[in-house]
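Please find below a colleague's note on the structure shown here. It is set out as numbered points.

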Amino acid sequence: MKNPLHYQISEYDCGPTSMLNAIIYLFDRDEIPPEVIRNTMLYCLDCYSKEGIPGKRGTSRAAMMFLSNWLNEFGNLGMMTVSSEYLSGDQVYIGPGSRINQALSHGGAAVVRLFLDEPHYVLLTGVKDGSILLFDPYYWDEPYAEKDIRIDLEHPREYNREVPFHYFNHEEDALYALGKVDAREAVLVYNEKTRVPVEEVIEYFI
C-alpha cells in the first residue's frame, strides 16, 4: 500500500518533505527502509538563518545533490530499487526535450526548486493536458488569483496542483517559476521496478 503524500510541518522543511514524498509516491510502504527516512532528514535542513539558527533557511542545493547521489548509490548496492539523478542549470526546464518531462513520462518523479514567495521545493509527478501535476507540501486550500492553476485535493497519493507549463520557465521571482537558469536544480527519482522503458513511451505518444 502507498501512503498519502505529506505536508511540511514547519516553514522550512519543504526540501526533505518533497524528497520523502518522491519515495512515498514511487514505493509501497513496506518497500521503504528506515535508513532512507533517517538520512533524508539528516542531510537536509542544513542552512542557517541570519541569526545563526540551524535549519531556519531550509535545505541547500549541495544537500540535495548529496542526497540524490546517496539514493543512487543506495540503489546500486541493492538495498532498494531506487535510482536518482541531480540536474542543474539549463537542464532544468519544462517543455519538449526536457529531462524532467521525460522522467515523468517514464514513471519517475522530480523534486524541483522553484518560487513560492521564496525558494521552495515541490514534487512533480505527471503531465496532463499541458499542465504539470505536482504536490506542493505547503498546505494551502484557497483559490489562487491565477485562475488556470487548479487546486486538487482528490488525489492525495499523487498531486494537489495542476499548473500549466508556462509558469515554470520564467526567470523572475513569480509563482512556480524555476527562476534564473544558472540557479536551477532538480532531482529525478525512479523506482526501477516500475520505470517505463523508452520504447513503450514512444509507442504511447504515437
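The points below concern helix packing, then individual residues in helices and loops.

1. The coordinates under discussion are those of a predicted model. The remarks that follow should be read on that basis.

2. The packing of helix α2 (residues 34–43) against helix α3 (residues 61–76) is taken up here. Their axes come within 10 Å and cross at roughly 160 degrees. An angle over 145 degrees counts as roughly antiparallel, and α2 and α3 are therefore roughly antiparallel to each other. The crossing in which α2 passes α3 is right-handed.

3. Which residues make this contact of α2 and α3? From α2 come Glu35, Val36, Asn39, Thr40 and Tyr43, and from α3 come Ala63, Phe66, Leu67, Trp70, Leu71 and Phe74. By class, the residues of the contact of α2 with α3 comprise 8 nonpolar, 2 polar and 1 charged.

4. Asn39 deserves a separate remark. This residue is placed in helix α2. Is Asn39 buried or exposed? Its relative accessible area is 3%; since buried means under 20%, Asn39 is buried. When neighbours within four places in sequence are set aside, Asn39 is in contact with Leu67 and Trp70. Both Leu67 and Trp70 are listed among the α3 residues that make the contact with α2.

5. Helix α3 also packs against helix α1 (residues 14–26), at an angle of about 25 degrees and with the axes 12 Å apart. Angles under 35 degrees count as roughly parallel, so α1 and α3 are roughly parallel to each other. The crossing of α1 and α3 is right-handed.

6. On the α1 side, Gly15, Met19 and Ile23 meet Met64, Leu67 and Leu71 of α3. The contact of α1 with α3 has 5 nonpolar residues, 1 polar residue and no charged residues. Leu67 and Leu71 of α3 take part in this contact with α1, and Leu67 and Leu71 are also listed in the contact of α3 with α2.

7. Attention now turns to Asp152, found in the loop between β5 (150–151) and β6 (161–164). With 4% relative accessibility, Asp152 counts as buried. Which side chains make polar contacts with that of Asp152? One is the side chain of Arg150, at 3.0 Å. Another is the side chain of His155, where the polar contact is 3.1 Å. Leaving aside neighbours within four places in sequence, Asp152 is in contact with Tyr159, Asn160, Arg161 and Glu162.

8. Asp117 has a phi near 70 degrees, a positive value in a residue other than glycine. Asp117 lies in the loop between β2 (109–115) and β3 (119–128). Its relative accessible area is 74%, and exposed means over 50%, so Asp117 is exposed.

9. Tyr176 is found in the loop between β6 and β7 (185–191). Is Tyr176 buried or exposed? At 0% relative accessibility, Tyr176 counts as buried.

Technical notes:
Residues numbered from 1 in each chain as written. Predicted model: local features only at pLDDT ≥ 70, side-chain atom pairs only at ≥ 80, totals over all residues. Heavy atoms only, no water. Axes fitted to C-alpha atoms, helices over the stretch in contact; angles between N-to-C directions. Helix = DSSP H or I, 4+ residues; strand = E, 2+ residues; numbered from the N terminus. Parallel < 35°, antiparallel > 145°, perpendicular 65-115°, else oblique. Left-handed = near helix turned anticlockwise from the far one by under 90°. Contact = heavy atoms within 4.5 Å. Nonpolar A, V, L, I, M, F, W, Y, C, P; charged D, E, K, R; others polar. Buried < 20%, exposed > 50% of the residue type's maximum accessible area, 1.4 Å probe, protein only. Polar contact = N/O pair within 3.5 Å; in protein donor to acceptor, adjacent residues only side chain to side chain.
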